[in-house]
Every structure is written in structure tokens, then in C-alpha cells.
Amino acid sequence: MSQLLLGYASRLLGCQSRSGSAATTAAAAAILSQQPVRHKSPLQKVRKRGPFPEWTKTDPDPHLFTRHIPKTDERRTKAVRPPGKYQIFSVHYDPIVNSFAGHFVKCGERDKLRDVFTQMMAEIKHIQMARRNAAPPEEKASIEVDPTRVIHKAVENCSPLLIIKHVFRGGFLYKVPCPLRESESQMRAFKFLRIASNVRGTKEHLYRSLARELVNASNNEGKAVHAKLQLHKTCEENRAYANYRIT
Amino acid sequence: RSIANWLLRRRQLSPFGACVNRRGGASAALLTDESAPERHSLDRHVGLLYRPEEADWQAVTRHFCRPELVRLFDTLGQRALMVRRPALEIGERLAGHAGDGRPCLRFVLYGRRGSGKSLQMGHVAAACRRRGWLLVTVHNAHLWMRHSRELHESAHRPGMFDTAGYGCIWLRHFYAMNQEILPGLRVTKELSWNAKESTPAGSSWKEVIDYALARPRYSCAAVQFLIDEIKLGSVPMPTLVCFEVANCLWWHRSGIKNDAIRRTPLQGEEPPWRADITAKQLTLLDAFKQLLDSDWNNGAAVMSVSPQGALFDRLREWMPRKLLGDEGFAYLDPFVPVYVEPYGPAEMSNMLNWYTESGWLTSEAAATDAGRAELAFLSDGNAGELLRIAGEW
């Protein structure tokens with residue numbers, strides 16, 4: 001397969017393409033002539049997507065036609081990672097809220113969750129507006145009503161900086177504090193929030209308990225933030241073993 | 001703006017995309033000072049928002065609103081309802097309808113789920129209450145059919161079943177709605193509750209209601225007696241009957257099985273002893289159904305048919321003929337069908353402006369042209385959908 005592509009690239013370099021632009025062919029050839037991954041084992045390894053840049057707003061919107069983009073424009077052949085399945089091109093789209101929703105999906109029923117999240121964000125507004133109405137004038141401005149910003153603050157407050165990883169060494173199991181990638185830290189925050197909002201023994205709807213938990217977390221209170229602080233405390237207690245870190 | 005225009009050119013966006021303000025962003029919501037519903041007129045007030053008065057809201061309009069809307073008004077601290085064409089058209093017909101021995105005029109509001117039928121009924125009801133009419137309103141009939149747990153065999157109508165709890169709740173609601181009028185109303189016939197007890201003719205309606213609230217097993221009988229009085233014409237003022245989700249009156253099935261009845265099976269009784277109880281077997285529903293007939297004078301009935309009150313086989317339908325079925329349509333025919341249409345561009349724009357101004361739309365995107373176009377597109381002019389989606393923005 002890779003030999004074929006190299007051969008095609010070399011033919012392109014030799015002759016012009018049908019669309020008639022030297023720049024396009026050169027750009028396409030440059031992509032195709034990238035060093036392919038050599039598979040050593042008969043098992044098919046997943047081909048690396050390469051260090052392709054993220055889709056940005058200046059790149060063409062995949063939902064619109066591209067006829068208006070000139071043929072020589074580098075956007076035609078620029079290699080970008082395709083946008084995510086639930087990445088919608090809306091002024092209201094927020095990536096953190098989107099990932100948060102994805103964390104709650106059960107059995108692939110994301111549409112069902114859409115309604116839950118709509119109600120949950122309305123519930124956040126109700127809680128915060130009631131609080132703002134009851135607050136004295138000097139505190140009114142500090143109460144955040146927009147649900148997206150409340151979620152951002154809550155996720156930020158619940159994101160741990162270090163996490164415990166178990167390392168088996170010399171017959172003993174050590175709890176080693178390790179740093180986290182940003183995406184992993186965000187996932188941990190989602191998990192803390194999800195578990196904190198799971199109220200057992202009552203018939204409370206998810207949107208209600210989740211809204212309450214998010215509002216609490218944005219104020220640095222509540223079970224989710226407590227879980228994060230417990231984790232930080234455990235990391236602090238085990239800081240002597242930090243050098244046992246593998247990665 | 002470019003995305004909205006592109007979609008409009010490709011005819012993928014409904015004309016609501018054009019409702020986006022040309023000036024850019026939100027502008028002030030258009031409110032009218034006229035808070036009295038009976039003074040709203042078709043040429044001046046359509047599409048404007050009005051603030052209902054406290055007395056009207058507490059007595060009448062609140063019952064016609066969804067709980068989400070009531071909660072929204074409580075949170076925002078202000079109430080604004082839109083004046084729309086269907087309510088004003090019905091109001092115009094009813095203004096000159098009282099008296100003259102004309103039979104009961106029947107209106108059926110229909111439209112998609114969430115289009116605003118109940119609120120239109122609320123506007124008509126508030127206007128009629130201010131004109132001094134008697135109001136008989138039923139909001140939860142379809143819930144009576146789904147969730148009844150206590151049924152008793154009816155004494156006043158053998159072969160049917162009483163829902164005593166719901167009867168009491170309705171009588172309390174009826175009393176609260178007509179508190180000014182009820183002291184002046186008298187019963188013209190003697191009402192016998194059982195072999196021993198009876199209320200004499202000439203006693204006030206309040207006494208009848210109090211008796212039924214003290215003795216819940218007679219609440220459905222009390223409702224039947226009061227409705228008989230209305231149909232006899234003993235009420236001096238005109239009567240408005242508002243029935244939400246009228247299509248549930250002709251359900252052939254329900255959520256109640258026969259064995260919810262507190263009785264022992266008769267000797268040798270054969271199935272269908274576990275059959276569903278139909279709407280015809282409930283005294284409370286049958287009493288209100290009698291009011292929807294056209295054999296009485298000095299009144300009008302406004303009903304709505306909704307897929308929300310439909311059985312599982314008709315959940316996608318929203319037209320009256322489909323929801324009512326053969327029987328219901330034949331019973332209500334002839335009626336005046338009133339279509340509650342989705343928001344037009346001006347109404348949508350006004351509603352979005354009000355949501356922004358009152359502070360319910362908190363996201364920055366909601367103030368932009370593209371955001372407003374998207375809200376209009378996602379809700380497709382449906383008032384209920386817009387309320388739901390705006391909670392997220």
C-alpha cells in the first residue's frame with residue numbers, strides 16, 4: 001500500500017494534475033510522500049494520525065460547500081483532524097459541556113441525555129437566580145447565573161492536579177502521586193461530579209441533583225470538591241513515593 | 001449572519017430566520033399596558049406581551065400554564081404573556097353571545113404539542129371572568145384516566161365509578177375560581193345524596209360544595225348536581241366551560257384496570273373483569289362531557305385537543321378528527337375549530353426580546369443574530385419548545 005502511494009506521488013511530481021495547478025499537486029504530493037509507517041508484525045497496527053493540527057474556525061466548515069474557496073488555497077489540501085461526532089457548529093457550542101454530556105451517556109442514548117442537560121442548565125439558572133434575588137446588593141454581582149460558566153467553574157474546581165497510581169515494587173503496593181494530562185484531569189472532574197450527583201435512596205431526577213452539585217462545586221463546596229480535596233490529601237501523604245513514578 | 005442567510009437561501013431555514021433583527025441583536029420587548037384581557041383587540045394588541053393582573057393570575061391564568069412557565073415567572077419576578085390571534089377571535093365571538101337563548105357554542109383549539117392552546121384558553125377564561133361569567137375549568141382530565149387509584153362504585157349513577165379524591169380537588173378549585181359569584185347562586189331542585197340525607201332546594205351552591213368536601217364519597221355526585229343546575233339554566237350569568245385535552249373523554253383504554261375497584265367479584269363473574277376502565281365509566285368525566293353537549297343555553301365551551309392527552313396509538317396525531325376519533329367528533333360536531341399556529345416572525349422576535357430583556361437568556365450567543373436565528377430554527381416557532389430550549393441558552 002505504501003509503495004503504491006510513493007509511486008503515485010512520484011508520478012504527480014512529474015506531471016500536472018487535471019485541475020491544472022502546480023501548487024495543488026505539489027501540496028498533495030507533499031502529503032502523499034510522507035514517510036509511511038512500516039509494519040513489522042503481520043498484525044495490523046493502527047496507523048498514527050500524525051501530528052495533524054486541530055480544526056480551527058478559519059478552516060472550511062465541513063457542513064458548507066467549498067465552491068467559493070479558490071483552488072490554489074492551501075485550505076483545500078491542508079491536513080486537519082476531522083471534527084468530532086458531536087461537535088456542532090453553533091454559536092452556542094461549548095466543548096467542555098459537550099464532553100461533560102458524553103461522560104453521562106449510557107448505552108449510547110445521547111439524545112435522551114440532551115433533554116436532561118437542557119433541564120439541568122435551566123435548573124442551574126433557577127437556583128442561581130433565586131440566590132441572587134435573595135442576596136444583599138453587594139453580593140449580587142458575584143453570583144454567576146449563566147449555566148455554561150457555572151459548569152466551567154465547577155469543572156475547574158473539581159479538577160485534580162495530581163492523581164494516585166498504584167505501583168507494585170519489591171513486594172509492596174505503593175500509592176504514587178503522579179501528574180495528569182489536562183484531558184485526564186478533566187475526566188476525573190466529570191467523574192467526581194457524576195458520582196456526587198448520584199443520590200441513592202431518593203427519587204430525585206438527575207437534572208436536579210446534578211444542577212445542585214454543579215452550583216456547589218462552583219462555590220468550592222459539596223461532595224465533588226471534597227472528593228478532589230481528599231485525593232490531593234492522599235497525594236500529599238504519599239509524596240515520599242513520588243520518585244516511584246513510572247511514566 | 002452568513003450561516004443564517006445561506007440556510008435561508010437554501011430553504012433549509014424556515015422564514016423565522018428572517019425574524020432576526022436587521023439592526024443586529026436583541027431590542028426591547030414590545031409590551032402593552034393593557035392588562036385586562038377583555039380589552040385586547042385584534043387590530044392593536046396582536047403579537048404584544050401583556051402583564052396579567054395579580055387577581056386574574058392567581059384565580060384563573062395560573063392553572064392554564066405549565067408548571068415550568070409558572071416557575072419561570074416566579075424566578076424572574078415578572079410575568080408576561082403574549083396576546084395572540086386565536087384567543088382574541090374566540091373572545092370576539094363570545095362577547096355578544098350571552099343570553100338570547102342561544103345554545104352552547106363550542107370551540108375546539110388544536111395545534112401541535114406546545115403551540116400554546118392552554119394559554120389561549122386561559123386568556124379567554126380570564127376575559128370572561130372579568131365580564132362576570134361563571135367559569136367551569138378542567139385541566140387534568142387525562143391524568144384522572146391514567147393515575148386513579150381509588151375508585152368506588154357510584155351510588156348516584158349505577159354501573160359507573162366515582163373518583164372521590166379528584167372530585168374534591170376539583171370542587172375546591174372551582175370554588176377558588178368563582179369566589180365572587182358563588183354566594184349569589186342557589187340550587188333550584190332538592191338534591192338527595194342518599195335515602196336519608198338531602199339538601200333542600202334554595203340552598204346556596206357553597207353549602208353543596210361544603211357538604212361534598214366534608215363527605216368525599218359524594219363529591220362526584222355534587223359535581224353532577226351542579227352541572228345539572230347549569231344545564232337547567234338556573235344560573236343567571238353565562239357559563240364558560242374550559243376543558244383541556246378533551247380527547248381523553250373518548251378513550252377506550254386507560255391506566256386503570258378493573259381490579260383497582262374496591263369490590264369483590266360477583267359469583268361466577270366472567271372476564272373481562274381485568275379490562276381497562278373507559279372514560280364512559282367514570283362519573284366525573286361523564287358529567288363534564290354533558291356540559292360539552294349543545295343542549296343547554298346561555299354558555300359556551302372552549303376545548304383543546306392535544307397529542308399530550310392521546311393514547312399510545314395516536315401519539316403522533318394533532319388534528320381534531322384524528323384525536324377525537326369517530327365517536328368524539330360526532331358528539332362535538334358542529335364545533336368551531338381554532339388553529340393555534342406557531343409563532344410568526346414578529347411574535348418570535350418579540351418573545352426572544354423578552355427572554356433576553358428579563359434575563360432568562362444568559363449566554364452571549366443568544367444576543368447575536370446567529371444565536372437568535374438558531375433559537376428560532378430549533379424551536380420552529382413552537383412556544384413550548386422555545387421555552388424549553390431557552391433554558392439552556
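## Helix H4 of chain B

In this predicted model, helix H4 of chain B spans residues 85-95 and has as its buried residues B:Pro86, B:Ala87, B:Leu88, B:Ile90, B:Gly91 and B:Leu94. Buried denotes a relative accessible area under 20%, exposed one over 50%, and partly exposed the range in between, with a 1.4 Å probe and protein chains only. Helices (H or I, at least four residues) and strands (E, at least two) are DSSP runs, numbered from the N terminus.

The cover over the buried residues of H4(B) includes strand S4 (105-110), helix H5 (117-130), strand S10 (239-243), strand S11 (299-305) and strand S12 (336-339) of chain B. Contact here means heavy atoms within 4.5 Å.

## B:His123 in helix H5

Helix H5 of chain B contains B:His123. This histidine counts as buried, its relative accessibility being 5%. Leaving aside residues up to four places away in sequence, B:His123 touches B:Pro37, B:His40, B:Tyr50, B:Val83, B:Ala87 and B:Leu88.

## Cysteines

A disulfide is a covalent bond between the sulfur atoms of two cysteines; the criterion applied is a pair of cysteine sulfur atoms within 2.5 Å. Over all chains, the search of the whole structure returns zero disulfides. B:Cys128 takes part in none, and the nearest cysteine sulfur, that of B:Cys242, is 7.4 Å away. For B:Cys242, likewise in no disulfide, the nearest cysteine sulfur is that of B:Cys128. Both side chains belong to buried residues: B:Cys128 has a relative accessible area of 1%, and B:Cys242 one of 0%.

## Architecture of chain A

Chain A comprises nine helices and two strands, and its elements follow the order α-α-α-α-α-α-β-β-α-α-α from the N terminus on. Of its 247 residues, 32% are buried. Among contacts in chain A with a separation of 6 or more, 60% involve residues 24 or more positions apart. The chain exposes about 16,700 Å², of which carbon and sulfur atoms supply 55%; accessible areas come from the Shrake-Rupley method with a 1.4 Å probe, and for residues only the protein chains shown count as cover.

An unreviewed UniProt entry places the feature "domain: Small ribosomal subunit protein uS7" at residues 90-239 of chain A. UniProt positions are given in the numbering used here, feature names are shortened, and annotations may be inferred rather than shown by experiment. The span 90-239 is 64% helix and 11% strand, with its end C-alpha atoms 45 Å apart. Helix H9 of chain A (residues 222-237) holds A:Leu229, which is partly exposed at 46% relative accessibility. A:Leu229 and A:Lys153 are separated by 76 residues in sequence and by 16 Å in space, C-alpha to C-alpha.

## Confidence and conventions

The model scores ipTM 0.84 and pTM 0.80. Chain B averages a pLDDT of 85, with 87% of the residues scoring at least 70; pLDDT is the predictor's confidence in each residue, from 0 to 100. Within chain B, the lowest confidence falls in helix H1 (residues 2-9), at a mean of 57, and the highest in helix H3 (residues 67-76), at 96. Over residues 11-25 of chain B, pLDDT stays under 50, and the model has 35 contacts beyond four places in sequence for them. Where pLDDT is low, the predicted coordinates should not be read in detail.

Residues are numbered from 1 along each chain as its sequence is written, while chains are lettered from A and ligands numbered from 1 in the order in which they are written. Local features need pLDDT of at least 70, side-chain atom pairs count only at pLDDT 80 or more, and totals for chains, interfaces and linings use all residues, whereas side-chain values use heavy atoms, with hydrogens and water left out.
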